[in-house]
Structure formats: structure tokens, C-alpha cells
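Here are my notes on the model, point by point. Please read them with the structure open.

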Amino acid sequence: MGTTTTYSYSYVEPTIVSLLILSSFIYLLNAARYIAHQLFYAGLIGEILVGIIYAAPLANILKTEWEQTVLDFGYLGLLILVFEGGLETRLDFLAVKSNLFLSSIIGLTGILTPIGLSILLCTIGFKFTLLESFTMGASLSATSLGTTFAILSSQGTYQLNKSRMGTILVGAALLDDISGLVMASVIEKLGHLGEQNLPWLIFKPIVSSIAMIVISTLLARFVFGRIWIKIKCENRIIKRYSDQILLFCLIAGLSAFVTIASYTGASTLVGAYCCGATLRHLDECRKKDSTDVEHSNTTSFQHLFEKYIRTIKEYLFAPFFFASIGFAVPFLQLWHGKELWQGIVYALLMILGKFITGVWIIIWTFASTRFKKSKVTNVLPTVPVEIAMVEQVPMSQPSTTSPVLISHRSLSSRSVDTPHDEVVETNPPEVSAKKSRSIYPALIVGLSMVSRGEIGFLIANIGVSAKVLSAEAFIVTIWAILLNTIMGPIAVGIMIKVLGSKLSDGVWID
């Protein structure tokens, strides 16, 4: 009996039903994002809801293979989101030790607090086992890195993604993402506690991710940056095809970083972020070396991303990612009475577990303000310094002198008859210090950390597959992840809309 050999995939014209489903899905994702942005100032909520409706748990409009395709394209959108975040990261802020330390403190608080609160509530209040309570807390310990970038970039009016606060927030979310991968590894291996290599399986994502960040930083600073400066673009052919050459470098670099991260056990998201930050460093090296500022701006990786990638990311890849989050929601199983109220209570507690991370911004602000005041007290009481500052301004200069110099001049004119301690008490920056103590950045950081997403659903599903989570605990966990993913961006969007121009105040939004 002969066998039929297929040499290629047969081209068959798709049915009109398939075309209508796909086109309506893409259109409604974008329409829902626009409506949700107008109503809640968080467009990704609309995309998640469309994903829930079209997926198998509810209307089952999309075929299973289509859902997998959307999920694959969506994860590519997640990588592009994280890459864009690295490309827009303020490296001068990221290089400051205090910012790195603060990101670590916020990230660790966002990891440990949800796990601790989960163990307390779920073991004592809901009567789940300790292992279930830990797994539920682990699912809620990871902040969605892609959602964080989407929240910051969607509020383009205030450039929060390029601010000091945004840089610290991204660092904390990145740490939470790494911890989420570790938690997933731990939960997956809980049924094999006798394995001798379990400690390495747990620490491998941590070691690999840290090594990825450190090595890429060193290479960017001491190798790639210096090579990039030496490459001259005066050649006529290179100038003509500069966009195509840079686009190839961007795609090849992103592919290389993500592949290396995957094969070394690090997060692919860490690889995408490191690639974006590396290319940002190359752009800055080019700007410092180039005398033609306009030309260096138009041949930068940032300009290239804006020109060729941002539009397709915004209208296709990113909507697919948030729709794939909706695919993971077991919608019909969420509405049982006991799991429903437990899920809502648990979600509120998990909101608190992440929202409390913003307290570190307030603590840091007051601590740094007091330190600066003590430093000013030790330096300012010498009259010659005040006189020297005044003498730098010509006497014939009009009254448009900067406010700081005017305040010094007025102080020095009284300093002859005024004791030094009185000079210190009336010394200026009360206004800026007051602004820097604002709680607005703390609120935005805390609310931005609330949103969970892809890592949370991943850990919860691994817990069910490994029989660590019961069906009831799984539904309660899904409720908490879903409500946090929805309420976090809405709260941030409303907060930013209400605060408006006040967000330009203080050292955190600079």
C-alpha cells in the first residue's frame, strides 16, 4: 500500500468566517483599548476583556491553534515592550547607587510582603495548606514587567518612563520578574524535593539574570561603546542605507540577547531589557562623539524604533499580549460563591501587599532631605561664601536675575548684622524641599507595582499541574491576579489624570 508524501502546505483560500473573525478580533482589540483609555485611563484593560470574550472559556470564537498563535505573537509583543523600556531607560539615573538600592528595596518588599500576607490569610482564614498559601503568594509576588512599561509609556504627556521614578519602578519590576521565574522553578520542583540539584535549579535563574545584567553592562561600556564611536558613517552608501543597517543591528542584537538569556537560564525579558539599555548607551556615545547633533538623532536606535517598530507594536503585538492574558482566565469557573468572596478579599490584601512598596519613596525622601539640611547647616554659615556668590553678578544686571541668586543677594545684604544661625533658618530651598516630599510619586510607584500578569498566571498554572494547588485555591489565586491586573492600571491612570501638572514637581519626576 503506497503512502502519500506531502511536500508542502497546500494553499487553501480561507473562509469568509475566518477572515471576519480575525479582522474583528484585531479591530476590537484596538477599539476596546481606546474606549478603556477614555473611561479608565488604562487601555490594556479593554484588550484583556476582548481576550476573555474571544477565548475558549467564554465565547470560544478563536480556534485553539489561533489562540496559540496569538499567544506566541503576544509574547513577542511583550519582549518588544520590555526592549522599548530598556531603550528609554535613563542610564544616568540607573547608574546612581542610591537609585539601584532603592529599586532593590522596593522590589524585595514587593516580593516578601505578598507571600507573608498570603500565608497569614490563607492558612488561618481560608484554611488552605501552608504549601498552597506559599504558592498563591508566589503567584502574586511577581509584578508584570510588560504591564509596568505599558502603564508608564501610555502616559506620554508626563514622560514618566524617562523620569527617576520610572527608572526606579522598572528596576523593582525587573527584580520581581526574576523572582517570579525562581518561584516558578521552585514550585515546579516541589514534587522532587529529593533531587540533589534542586538548589541549583532554584538559584540558576538568579545567577544567570545577574550575570546577564553585569556582563552586558561591562560590554556596553568598555567594548561596544568604543567600537561604535570608531565606526564612521560618512560613506555615501552607508548614509543611504543607514536605516536598514541599524534595523538589522537592532533585530540581530535583540535576537542574540534573548537567545543567550534563554539558553543560560535567565529570563528572556531580562535579555530584552539589557539589549534595549545597551543600544541606548550606544546612542548616547554617538551623540557625545558627533558634532552634527541633528544627524546623530536621526540615525539613532531610538529614532529607528519610533519610525519602524512602535506603530506595529502599539496596534498589533502589544494588544495580542494583553489579549493572551485574557485567554488564561478560566472565566466560567470564577463565579462559585465561596471562591468569589475569598478571591475578592485575597485580591484586596494583595493590592495592599504591593501598594505598601511606595512607602520607601516617602522614607527615602525625608531621610535625604534631612541629610541635605544637615549638610547645608555645616557649609553655609560663612559670610565670605555669600559675598562671593553676590560678586559674581554684575551690579548693572537687570532684575531678571535668577531667583536663587536673588535670594543669596538678599541674604548676604542682611548677613552683616544677622547671626549665622538665623541665616541658615531663612536659607532658600524650602519650596523645592516641600515639593520633593510630595507623596504623589509614592502613590504612583505603589499603584504601578499592583498589576500582575503573565508570570502570575504561569506560576498558578504550574501549581495546578504539579498538584500543589487545589482547584479552589487556584480559582482564588486567579481572582486575585485578574483583579490586581485590572485595578492597578486603572488606579494609576486615574491618579495621573487627577494630579495633572503636579507630577512635574519634585526630584522623583525630573
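1. Is Trp-479 buried or exposed? Trp-479 counts as buried, because its relative accessibility is 6%. Buried means under 20% relative accessible area, exposed over 50%, and partly exposed in between, with a 1.4 Å probe and protein chains only.

2. Some ground rules. This is a predicted model, in which local features need pLDDT of at least 70 and side-chain atom pairs count only at pLDDT 80 or more, while totals for chains, interfaces and linings use all residues. Residues are numbered from 1 along each chain as its sequence is written, and side-chain values use heavy atoms, with hydrogens and water left out.

3. The overall fold. The chain has 23 helices and zero strands. Both are DSSP runs, numbered from the N terminus: helices are H or I with at least four residues, strands are E with at least two. Of the 510 residues, 47% count as buried. The accessible surface of the chain is about 26,000 Å². Carbon and sulfur atoms hold 67% of that surface. Areas come from the Shrake-Rupley method with a 1.4 Å probe; for residues, only the protein chains shown count as cover.

4. Contacts along the chain. Take the contacts with a separation of 6 or more: 81% of them join residues 24 or more positions apart. Contact means heavy atoms within 4.5 Å.

5. Aromatic pairs. The whole structure holds 13 of them. Phe-25 and Phe-327 are a stacked pair, because their ring centres lie 6.5 Å apart and their planes meet at 25 degrees. Phe-25 sits in helix α1 (residues 16-40) and Phe-327 in helix α14 (residues 301-327), so the pair ties together parts 302 residues apart in sequence. Both residues are buried. Trp-335 and Trp-479 pair edge-to-face, at 5.3 Å centre to centre and 90 degrees between the planes. This pair links distant parts too: Trp-335 is in the loop between α14 and α15 (337-355), Trp-479 in helix α23 (residues 471-499), 144 residues apart. Trp-335 is partly exposed, because its relative accessible area is 46%. For the cut-offs: rings of Phe, Tyr and Trp (its six-membered ring) pair if their centres lie within 6.5 Å; planes under 30 degrees apart count as stacked, over 60 as edge-to-face and the rest as tilted.

6. An aromatic cluster. Ring pairs join Phe-25, Tyr-54, Phe-73, Phe-317, Phe-320 and Phe-327.

7. Ser-139. This residue is in helix α6 (residues 130-139). Ser-139 is buried, because its relative accessible area is 0%. Its side chain reaches the backbone nitrogen of Ala-460 at 3.5 Å. Beyond neighbours within four places in sequence, Ser-139 contacts residues including Arg-452, Gly-456, Thr-477 and Ile-481.

8. A nonpolar surface patch. Its ten members include Ile-210, Leu-218, Phe-222, Val-223 and Ile-231, and the patch has about 830 Å² of accessible area together. Patch residues have over 30% relative accessible area and no salt bridge; like charges are joined within 9 Å, nonpolar side chains (Val, Leu, Ile, Met, Phe, Trp, Tyr) within 5 Å. A salt bridge is a side-chain nitrogen of Lys or Arg within 4 Å of a carboxyl oxygen of Asp or Glu. Val-223 lies in helix α9 (residues 198-230). Val-223 counts as partly exposed, because its relative accessibility is 33%.

9. Backbone angles to check. Most residues other than glycine have a negative phi. Lys-127 has a positive phi of about 65 degrees. Lys-127 is in the loop between α5 (97-125) and α6, and at 64% relative accessibility counts as exposed. Lys-467 has a phi near 60 degrees, also positive. Lys-467 is in the loop between α22 (454-465) and α23, and at 77% relative accessibility counts as exposed.

Notes
Polar contact = N/O pair within 3.5 Å; in protein donor to acceptor, adjacent residues only side chain to side chain.
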